[in-house]
Amino acid sequence: MSGCFTPVNLRLSKTRSKLSKKFSFGSSKKRQVDSKEATLEKNGLVVCFGEMLIDCVPMASGVSLAEASGFKKAAGGAPANVAVGISRLGGSAGFIGKVGDDEFGHMLADILKQNNVDNSGMRFDSQARTALAFVTLRADGEREFMFYRNPSADMLLREAELDVNLIKKASIFHYGSISLIDEPCRSAHLAAMDIARKSGSILSYDPNLRLPLWPSAEAARKGIMSIWNQADIIKVSEEEITFLTEGADPYDDNVVLEKLFHPKIKLLLVTEGPDGCRYYTQEFKGKVTGVTVDCVDTTGAGDAFVGGVLNSLASDPDLYKDEKKLREALLFANACGALTVTQKGAIPALPTKEAVLQILPK
C-alpha cells in the first residue's frame with residue numbers, strides 16, 4: 001500500500017454511537033459442524049490462512065538496512081495481521097499457519113492468544129525456523145523488504161496438518177498469495193480453500209505481492225491469478241493492478257472491470273493509499289476518499305483496512321449489496337488503515353474499534 005492511508009470525507013451525519021451500533025460483531029459457535037450445517041451455524045468467525053513472521057523495522061526512517069543502528073522487533077505476516085486486526089475491533093478471528101518450533105514461533109503463537117485470536121490451527125516445525133523480514137523505512141514511510149526464508153516454517157505447512165474443523169466454522173476464509181509460492185504449502189492452501197468453499201464460507205483474497213519471494217515476475221503473476229476467479233472478495237493495490245495487468249492504468253475503471261473483475265465476484269476493492277479506496281460490485285462502483293494522518297510506517301495499513309472490511313462483512317454478510325452501508329464500512333476500514341500508519345510495525349499498531357470511532361467524521 002503506497003503512502004499514508006487516509007480515510008474519508010463522506011457526508012455522514014452518523015454519530016459515533018450510532019456507528020458503533022452499526023459495527024456490531026458476532027462470536028463463533030463452539031460446537032463442530034459438518035458442511036451441510038455450516039452455512040446456518042456460522043456466526044461471524046473469520047479464519048485467516050498463511051504466513052506469520054517477525055518484522056524487524058529500523059528504529060530510524062530513511063536509512064538502508066546496512067546503515068540502521070537498531071531494529072524494532074514486531075509480529076507480522078499479512079494474514080496474521082488481518083486476524084489480529086479483526087480481534088482488536090471486537091470481532092472473532094482464527095489463524096492457520098506454521099511457524100518454527102523456536103522462541104520466535106512460540107512468541108507469535110502467544111501474541112495471537114493475547115489478542116484473542118484462535119491459534120489452534122497453528123503448527124510448529126522443528127526442522128525450520130520462523131521467517132524473518134527486515135523492513136527498511138524510507139523517509140516517506142514506504143517500505144522495502146529483505147526476507148530470511150530458506151525455507152522458513154510457513155512454507156512447509158502440509159495438507160494433513162490443516163485444522164479442518166476450524167476452517168469449516170469460518171464465515172469468511174481469508175488468504176494471500178505468499179502461501180502459493182512453494183510446496184507443500186501451496187497444496188495445503190488449495191485444499192483449505194476447497195474445504196472453506198464447500199462449507200459455505202465467503203472466500204477473501206489479498207494478493208499482497210512480495211515480488212522478491214517469487215522465482216520470477218511471470219511466476220508471481222501466474223501464481224496470483226491462478227486462484228483469482230475463486231474469490232468472492234478481493235482487495236488489490238494500485239501497484240498490484242499495474243503488475244497483474246502488465247502495465248495497464250490502475251486508475252481506469254475499464255481496466256479493473258475488464259481484466260480483474262470476474263462474474264462470481266461480490267466485491268473488488270482497490271486501495272489508493274492517501275486517496276482512500278475504490279469499490280466495485282455487480283451492481284455499483286464508487287470511491288471513498290479521505291482525511292490525512294501523520295505517517296510513520298505504512299506496514300500493516302492494508303491489512304488493517306482488510307480487517308476492518310471483513311469485520312463488518314462478518315456481522316453483515318450482505319453488506320456489499322447496499323451501497324450506503326458499504327461506503328460506511330469502507331470509511332471505517334479506511335480509518336483502521338490510517339491509524340495503523342501512525343506507529344511502527346503492523347500488529348502493535350492495529351487499532352481498537354474505539355480508537356477508530358474517534359477519528360471518524362462526527
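Trainee: What span does helix H10 reach from its first C-alpha to its last, and what is expected at 1.5 Å a residue?

Mentor: This is a predicted model, and in it H10 covers residues 301–315, 15 residues in total, reaching 22 Å.

Trainee: What makes H10 a mostly covered helix?

Mentor: A residue is buried when its relative accessible area is under 20%. In H10, 14 of the 15 residues are buried.

Trainee: How does that compare with the protein as a whole, in other words what share of its residues counts as buried?

Mentor: The protein has 362 residues, and 59% of them count as buried. Its secondary structure comes to 12 helices and 13 strands.

Trainee: Why is Thr340 called buried?

Mentor: The cut-off for buried is under 20%. Thr340 has a relative accessibility of 0%, so it counts as buried. Thr340 lies in helix H11, residues 323–340.

Trainee: Which residues is Thr340 in contact with, leaving aside its neighbours within four places in sequence?

Mentor: They are Asp297, Thr299, Gly300, Ala301, Ala304, Ala346, Ala349, Leu350 and Pro351.

Trainee: What makes Thr340 and Cys336 a polar contact?

Mentor: A polar atom of the Thr340 side chain lies 2.8 Å from the backbone oxygen of Cys336. The limit for such a pair is 3.5 Å, so the distance of 2.8 Å meets it.

Trainee: Is Ser177 buried or exposed?

Mentor: Ser177 has 1% relative accessibility, and the cut-off is under 20%, so Ser177 is buried. Its place is the loop between S8 and H6.

Trainee: Which backbone oxygen lies 2.5 Å from a polar atom of the Ser177 side chain?

Mentor: That of Pro207. With a limit of 3.5 Å, the pair counts as a polar contact. Pro207 is also one of the residues in contact with Ser177 once neighbours within four places in sequence are left aside; the others are Tyr205, Asp206, Asn208, Trp214 and Ile224.

Trainee: Why is Asp275 called partly exposed?

Mentor: The class runs between the 20% and 50% cut-offs. Asp275 has a relative accessible area of 43%, so it falls in that class. Asp275 is in the loop between strand S11 (267–271) and strand S12 (277–280). In space, its C-alpha is 9.2 Å from that of Lys287, which is 12 residues away in sequence.

Trainee: What is the strand order in the open sheet of 9 strands?

Mentor: The order is S5-S4-S1-S8-S9-S10-S11-S12-S13, and the pairing is mixed. Strand S5 (118–125) and strand S13 (285–288) are the edge strands, since each pairs on one side only. From one strand to the next, the twist averages 15°.

Trainee: How do you know that S4 and S5 pair?

Mentor: At least two bridges are needed. Strand S4, residues 92–100, is joined to S5 by 6 bridges, so the two count as a pair. They run parallel. Gly97, for instance, stands opposite Met122 in S5.

Trainee: Which strands flank S8, and in what sense do they pair with it?

Mentor: Strand S1 (residues 45–49) is joined to S8 by 4 bridges and runs parallel to it. Strand S9 (residues 202–205) also pairs with S8 in the parallel sense, over 4 bridges. Phe173 of S8 stands opposite Val47, and its bridge partner in S9 is Leu203. From S8 the chain passes through helix H6 (residues 185–198) to S9, a right-handed β-α-β crossover.

Trainee: Which way do the residues of S8 point?

Mentor: In S8 (residues 172–175), Ile172 and His174 point one way, Phe173 and Tyr175 the other, and all are buried.

Trainee: Why are S3 and S7 called edge strands?

Mentor: The other open sheet has the order S3-S2-S6-S7, with mixed pairing. Strand S3 (71–76) and strand S7 (143–148) each have a single partner strand, so one side of each is without a neighbour in the sheet. The twist in this sheet averages 25° from one strand to the next.

Trainee: What makes S2 and S6 a pair?

Mentor: There are 3 bridges between strand S2 (residues 53–58) and strand S6 (residues 132–137), and at least two are required, so they count as paired. They run parallel, with Leu132 in S6 as the bridge partner of Ile54.

Definitions and conventions:
Residues are numbered from 1 along each chain as its sequence is written. This is a predicted model: local features need pLDDT of at least 70, side-chain atom pairs count only at pLDDT 80 or more; totals for chains, interfaces and linings use all residues. Side-chain values use heavy atoms; hydrogens and water are left out. The expected span of a helix is 1.5 Å times one less than its number of residues. Buried means under 20% relative accessible area, exposed over 50%, partly exposed in between (1.4 Å probe, protein chains only). Axes are lines fitted to C-alpha atoms, for helices over the stretch in contact, and angles run from 0 to 180 degrees between N-to-C directions. A crossover is right-handed if, with the strands pointing away from the viewer, the path from the first strand over the helix to the second runs clockwise. A polar contact is a pair of N or O atoms within 3.5 Å; within protein, one must be able to donate a hydrogen and the other to accept it, and residues adjacent in sequence count only if both atoms are side-chain atoms. Contact means heavy atoms within 4.5 Å.
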